[in-house]
Structures are given as structure tokens and as C-alpha cells.
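Student: I'm new to this one. Could you pick a single part and take me through it closely?

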Amino acid sequence: MRKSILISASIFLCVLLAGANPAWSLTVGSGNIDVGEVDTWIASTDLGNSGENTELLWVQSVLGSDIVFQEKTETEEGAGWLQTNEDPRVYAFDFVGDDPEYFFVKTGSTASGNTHFLFENVLNFSWGVIDLDLNDIESIKNVDKLSHIDEYGAGAPVPEPATLVLLGSGLLGLAGFSRKAK
Ligand SMILES: [Ca+2]
């Protein structure tokens with residue numbers, strides 16, 4: 001009885017350890033530079049060759065109106081994208097010092113007709129990593145189809161005046177109370 005419990009416990013542990021295999025990082029270059037995991041695909045749409053305003057409105061419609069545009073990088077014919085060592089369909093792009101929360105890639109039209117693909121940036125934050133086989137329905141034919149990347153993030157938090165007034169009056173009230181108590 002005890003033995004069988006021990007055996008099943010060790011089997012359970014093995015399964016647990018195998019399952020808990022930490023998400024392995026992808027790498028680029030001969031020096032195996034760590035670019036983290038594939039970033040999370042959120043949404044796609046067909047905006048054709050519309051300008052930055054239309055692109056921003058789409059991103060805001062998905063992520064909320066407080067999302068702000070940060071930087072655009074031209075990547076004509078996939079310039080700057082590096083194939084990962086682990087998967088020939090997964091490419092990485094160095095944001096060069098930036099750590100955007102979100103980014104999209106603009107492509108030539110795909111089989112689904114979509115041209116813009118939005119991602120949430122996950123670790124490693126200074127690399128954009130995309131799988132050209134985005135999901136079951138659509139995929140980007142090849143890296144040459146990528147024309148530009150736009151980076152987005154949350155707007156700078158602004159302290160709310162109402163909160164400050166409340167805090168101020170609370171402090172004043174406390175001061176008054178402690179004076180009366182004396
Ligand atoms: Ca990333």
C-alpha cells in the first residue's frame with residue numbers, strides 16, 4: 001500500500017516537473033541572443049495603406065482610448081527582423097532600448113485579407129517576437145511582407161485633482177482634530 005502511494009507520488013512529481021518546464025526562450029544569431037517568448041497576438045484587421053490616425057483609432061478601439069502612439073519603424077521587406085534559431089517561422093525585432101507594451105506589424109495583404117496585426121509585448125520586452133503562423137485562419141506568407149511596426153503604450157498617469165483635494169482636506173481635518181483634542 002505504502003509502496004504504491006510512493007510510486008504514484010513520484011509519477012505525479014515527474015508529470016508536474018515536466019509540465020512546469022519553464023517557457024523556453026527563443027534566440028537569434030550565432031551568440032544565441034535571448035529574445036524571450038513569442039509575443040501575444042491580440043487582434044488583426046484590414047486597414048490597407050491607411051495612415052497613422054486610422055491605425056491609432058483601430059488600436060484604441062481594441063485596447064482603450066488611453067493608449068498612445070510611441071514610435072513607428074519602417075521595416076521594408078522585413079528589414080531588421082531576425083529569424084529565430086529555434087523556429088524558421090518565428091522572427092524577432094530589436095526595439096532598441098524601447099520596451100513598448102503593445103505593437104503592431106503592417107503586412108502586405110494576407111490570405112484572410114488582413115493587413116495589421118496587434119500584439120501584446122511579453123518578456124523579453126525589448127524584442128518583438130512574432131510567429132508568422134499567427135493562428136489557425138491567417139498567416140503571414142513570409143517576413144518580406146512586413147512593412148512597418150508601430151509601438152504603443154498607456155498614456156502617462158495624471159494625478160486626479162479631486163483625489164488631491166480630498167487628501168488635502170483630510171489632512172487639514174486631522175490637524176484640526178488633534179488640536180481640539182489637546
Ligand atoms: Ca517581447
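Tutor: Let's take a close look at strand S6 and the residues around it. Keep in mind that this is a predicted model. To get your bearings, the protein chain has 3 helices and 10 strands, and along the sequence they come in the order α-β-β-β-α-β-β-β-β-β-β-β-α.

S6 covers residues 90-94, and it runs antiparallel to strand S5 (residues 82-83), with 2 bridges joining them. The two make a hairpin, with 6 residues between S5 and S6. If you want a spot to look at, find Gln83, which sits opposite Tyr91 of S6.

S6 has another partner, too: strand S9 (residues 127-131), again antiparallel, this time over 5 bridges. Here Phe93 faces Gly128 in S9.

Now zoom in on Ala92. Setting aside neighbours within four places in sequence, Ala92 is in contact with Leu26, Val28, Val35, Leu82, Thr84, Trp127, Gly128 and Val129. Ala92 also belongs to the largest nonpolar core, a group of 24 residues, where Ala92, Phe104 and Phe119 touch the most other members. S6 supplies at least two residues of this core, and so do S1 (26-28), S7 (102-107), S8 (116-120), S9 and S10 (146-154). The biggest share comes from S7, with 4 residues. As a general point, nonpolar side chains in soluble globular proteins tend to be buried together.

Zooming back out, 20% of the chain's 182 residues are buried. And among contacts with a separation of 6 or more, 72% link residues 24 or more positions apart.

Definitions and conventions
Residues numbered from 1 in each chain as written. Predicted model: local features only at pLDDT ≥ 70, side-chain atom pairs only at ≥ 80, totals over all residues. Pairing = 2+ DSSP bridges. Core = buried A, V, L, I, M, F, W, Y, C linked by C-beta atoms within 7 Å. Buried ≥ 20, exposed ≤ 12 C-beta atoms within 10 Å, placed from the backbone. Contact = placed C-beta atoms within 7 Å.
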